[in-house]
Amino acid sequence: MNKLNRHFAAVLVVLLVAMLFGCAPSSKEPKESDSTQNDSSSSTDASQGNEQVELILSTIPGPVAERLVNDVEAFMKENPNIKIKINEFPEAKYMDQGPRLFSSSEKPDLAWFWADADYKKIADAGVLEPLDDMYQSEGWDHVLPQSTIDRVRAKDGKVYAVNTEIVWGPVVYYNKAAFEKAGVDVPKTMDEWYQIGPKLKEVGYIPLVSGNADVGVLILSGLLANSFKPDDYVKLTNSEIKDPVNNYNHEHVVNAFDHVKKMGDELMQKGAAGVNDTDARALFTQGKAAMYSNGSWAASDALLGKELPKDFQLGYFYYPQIYNDIPPKVAVYAGNSLLVMKGTGKEQYAKKFLTFVMSKERQKVLAQNKQLFPSRIDLSQQDIEPMGPLYVDMYQKMNELGVMNFWHTEVNSELSTAARALVPAVMSGQKTPQQAAQELQSILEKSK
Amino acid sequence: MKKIGMILIYAFLWVWVVLMLAPLLYMLLTSFKSDQEILNSPWTLPHKPDFGNYIGAWFGKGLTDITLGTNFLNSIVITVSTLVFLTLLSTLAGYALGRHQFPGSKFLYIAIIGLIAVPVHGLLVPIWNFMDQMAMLNNRLAISLIYTAFSLPFSIVIMRSYFESIPTAMEEAARIDGCKEIGVFWHIGLPMAKGAVSTVIIINVVNIWSELLFATVLLTKPEVRTLPLAISLFSQNMYSTSFGMLFAGLTMATLPLLVMYFFFQKRIVKGMAMGALK
Amino acid sequence: MESGMKQMNRPVTIAYWLKSLWRYKVSYLFVLPSVVLFAVFMVVPLVRSFSYSLYDWDGITSPQFTGWENFEQLFRDEYFWNALKNNIIFTVLTTVFTCLFGFLFAVAIDRRLKGWAVFKFTYFIPVMISMTVVGVLFGKILEPSFGILNSLFGKLGLESLQLAWLGDPDLALYTIIGVTVWQYSGFTMLLFLAAIEEISPEIHDAATLDGVSGFKRMTQIMLPIVKRVVFMVIMLQIIFSFKVFDIVWVMTLGGPGSASEVLGTFLYKTAFRSEQFGYASSISVVMTLIIFTISLIYLYFSNLGRHEKE
């Protein structure tokens, strides 16, 4: 009996170990017919265009992924020898782990990423493939705004990413039926906004919901954009304003945090500080909240487009005016980009995909799929129309009002990380607006 | 007086029974509802059992060929091999520490107890760097070994404690009969320790199965992700408001362990009883 | 007990060590695999992370040596003290309640109160559910506007109880503690049960004969006998709950703001969100030292306990 048990155990262990070893690093799934192309070893047989090549593209889920899926499918049809696998990471995790992932042995071949401070770090570290030649050969330097191109320039003057879509915000989506029921109009000033709160509550709606726990910083960025004249705003994000005190202790910044608290107290539901974006949006789509604050991407078919009932009348407005002498603006972000990793041996194929995504045709398709707004500025009104009346109207209004960059994408990651926590902290009363502003200032001073 | 006391006590106990079961029941029922139903009528039974959530959760978005089944398999492979390693190594070490006297055994034992203290999330970055250099990211064997290492200290303490407390008569007899140490261990020590081994397994299985931090960081490819990891990514996906699918995923992540519990229930109690507490 | 080698009077030469190695080769072989795993996956990374704490490093660019600066900054950091405070509150309350409830449950089962089999079965179920699932599930249950808890209170007319369980900074931490107690009371129960069931029936018979009532019996007779196990379970709970990360992360991410921040989440955020690995490593060092101290205290007292028994 003992011997039997012993042999059985031994066999079991051997089997398990064999199974593990057999399915080590580049694991193959029985269903997939491809080979083990996923190592980062230098070029295998990538010279001829006829060889089977597999690329890995990492991205976040949602509208970005939906759009990439469309592009990948179309691309693979035209290029049957290239297979692209999409690897999704939750947004927060991707933001945290992305830079490390891109410099590791498990790096993807292509990545969608934000062209912000982290991107600059990895570009400077030499992890990415320069794309200057493509900007010229594909003519991207003519169809993207100069500011967008400069955004992705690294210390060595080269560019390592290309902007694939633009997003803007914050946008307040609202339930037209709810507004009618309460007899209120779209607010033009912050005071008006606070005033419609009670009326909406009277007819049974939570006036405003927003993902404060995870994307609360959008609110702050929106308020800040409306708190400074354009020149001063640029100085703020560059840390240059010198007021009687200094930067973030400027009274308009403190007021912005004040409004954050007020919005939470007067317009949002109890415990709003802890609500994440998914739950907030669910409240809106299920008709329990009248307004939902997020960005332009929420209007895409992957989100509100899909989640709202057919008969829902969706409206929008941008954050209202705060100060009489400062007209409201919209914040825009042209940093959503595709990057190519260096040293995979498949750079040329990755670049081919980039060309494909950035082509006029695909950008038109992007509009037709109603996911995100194309980054190329040479598209005509007609090309954009398929995005739907709401989206097109948002775009036009945005241009009318004028745009500035999002505060939280311009400053260093320490400031934006702190702000991400400060918004719910102020909303829930853990910190006063003054304390929050002071904290940002301390971080700024330390990093100088 | 005593009666009131007893009534209160019973009330307390039964309230807890309800408290412990209710959330699970809620999870199960909700997984069968459509999203509209979930928000609007959280209390009712589902109108009709809708397996759509389960199908959706299982197949994901169809972006890849990876289904929850793949993740499930990964979890099983990793958990089982970790438990095998853990059992082997902890019984070996526990036996040596509890039975043999050898120079350094006390020091080693204290060091092992010290290792229980280590907050493993502090080790995340160095281990990641190490795995990266060895190109062993996304390697299930590697993560198995890591889990084993993390679970060993406590398990060794349990095993040692057990071995210390059982009588040595049979082993003495075996030695007199000429058995070598390894033989003594394998034929006598190990079989006797079945109870303690059960304890070690039960105590560790949940933590290993549902370990999230290292799995998230070290398993970046979808095809090697574990089940709890896949579910957590699903729930962190701020772009999907399908609560029904989320709950279906949660239920599926829970079932394996619960099934294990139902089957091994008797063993668990016996194991704990024989265990380590002496 | 076998007599060990009295090593006091041997000359400590290299020959001696080699001889010992060979003589006890089987023992060393037995512990070798474990030692190797420890070295590779715990000791070396630990030392590495200790050394990171002396640098200023963001994970991508090259590190800069800063000596004790990270620690100085840490002790001046209000977020650190906040996390430490929350951690202590969490540890104390979780330990107290899981042990208290666990013990009560165990006694109820041991004394075969009516329905004891149901208790035994049910109380342990939550333990078998992964923390992440528990966190996500309760996150949805406790959602202030459409979670079933608040909607239940609404139906019962208890509107005042419809609180923002995870969104109110004063409540969040305690809510998480409650959920943890929900999950782990069954775990301590089982450990206590094993010990309590060992109490010989004669003692119980004697107690019954003497007319000792339930409560007195529990506290004055049963408790002292299983004192050692109780002590061990308490210490274990303290150590494990001090390291908490998963459940807080999943339920509130340490928020709102930093209302429910604990050392584990603080460490993660510092390392990966603000990308200060050096600073994060210093947090890791402090955490390890604290828990290590607690473990030493446990060891000290448990040895004492052992002698007492004898």
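**Labels and the values behind them**

Guide: A:Lys370 sits in the loop between helix H17 (360-368) and strand S10 (373-374) of chain A. Helices (H or I, at least four residues) and strands (E, at least two) are DSSP runs, numbered from the N terminus. A word on the ground rules: this is a predicted model, in which local features need pLDDT of at least 70 and side-chain atom pairs count only at pLDDT 80 or more, while totals for chains, interfaces and linings use all residues. Residues are numbered from 1 along each chain as its sequence is written, chains are lettered from A and ligands numbered from 1 in the order in which they are written, and side-chain values use heavy atoms, with hydrogens and water left out.

Visitor: Why is A:Lys370 called partly exposed?

Guide: Buried means under 20% relative accessible area, exposed means over 50%, and partly exposed is what lies in between (1.4 Å probe, protein chains only). A:Lys370 has a relative accessible area of 32%, so the label is partly exposed. Its phi is near 55°, a positive value in a residue other than glycine.

Visitor: What makes C:Leu253 partly exposed?

Guide: The relative accessibility of C:Leu253 is 28%, so this residue also falls in the class in between. C:Leu253 lies in the loop between helix H12 (246-252) and helix H13 (263-273) of chain C, and its phi, near 60°, is positive in a residue other than glycine.

Visitor: Which residues of helix H7 of chain C are buried?

Guide: In H7 (residues 148-155), C:Ile148, C:Asn150 and C:Phe153 are buried. After H7 of chain C comes C:Gly157, with a positive phi near 80°.

Visitor: What is the omega of the cis peptide bond in chain A, and where is its proline?

Guide: Omega is about -10° for the cis bond that joins A:Gly169 and A:Pro170. A:Pro170 is in the loop between strand S4 (161-169) and strand S5 (171-175) of chain A.

Visitor: What makes up domain 1 and domain 2 of chain A?

Guide: Domain bounds come from an automatic or database domain assignment. For chain A the assignment gives domain 1 as 3-167 + 333-400 and domain 2 as 171-294 + 412-447.

Visitor: How do you know that these two domains of chain A are in contact?

Guide: Contact means heavy atoms within 4.5 Å. Five residues of domain 1 of chain A meet that rule with four residues of domain 2 of chain A, so the two are in contact. The area buried between them is about 320 Å², with 65% from carbon and sulfur atoms. A:Met95, A:Ala117 and A:Met394 supply 64% of what domain 1 of chain A buries there, more than any other three residues. Buried area is the accessible area (1.4 Å probe) that two parts lose on being put together, summed over both.

Visitor: How many salt bridges cross that interface in chain A?

Guide: A salt bridge needs a side-chain nitrogen of Lys or Arg within 4 Å of a carboxyl oxygen of Asp or Glu. Between domain 1 and domain 2 of chain A the rule finds zero.

Visitor: What is the area buried between chain C and chain B?

Guide: About 8,400 Å² is buried there, and carbon and sulfur atoms give 81% of it. C:Phe30, C:Phe41 and C:Met128 lose the most area on the chain C side, together 10% of what that side buries. The contact takes 87 residues from chain C and 89 residues from chain B. There are zero salt bridges between chain C and chain B.

Visitor: What fraction of chain B counts as buried?

Guide: Of its 278 residues, 63% count as buried. Chain B has 13 helices and zero strands.

Visitor: How is chain C divided, and how far apart are the C-alpha centres of its domains?

Guide: Chain C has domain 1 (2-52) and domain 2 (71-309), and their C-alpha centres lie 36 Å apart. The two bury about 380 Å² between them, 68% of it on carbon and sulfur atoms. Of the area that domain 1 of chain C buries against domain 2 of chain C, C:Ser49, C:Phe50 and C:Tyr52 supply 88%, more than any other three residues.
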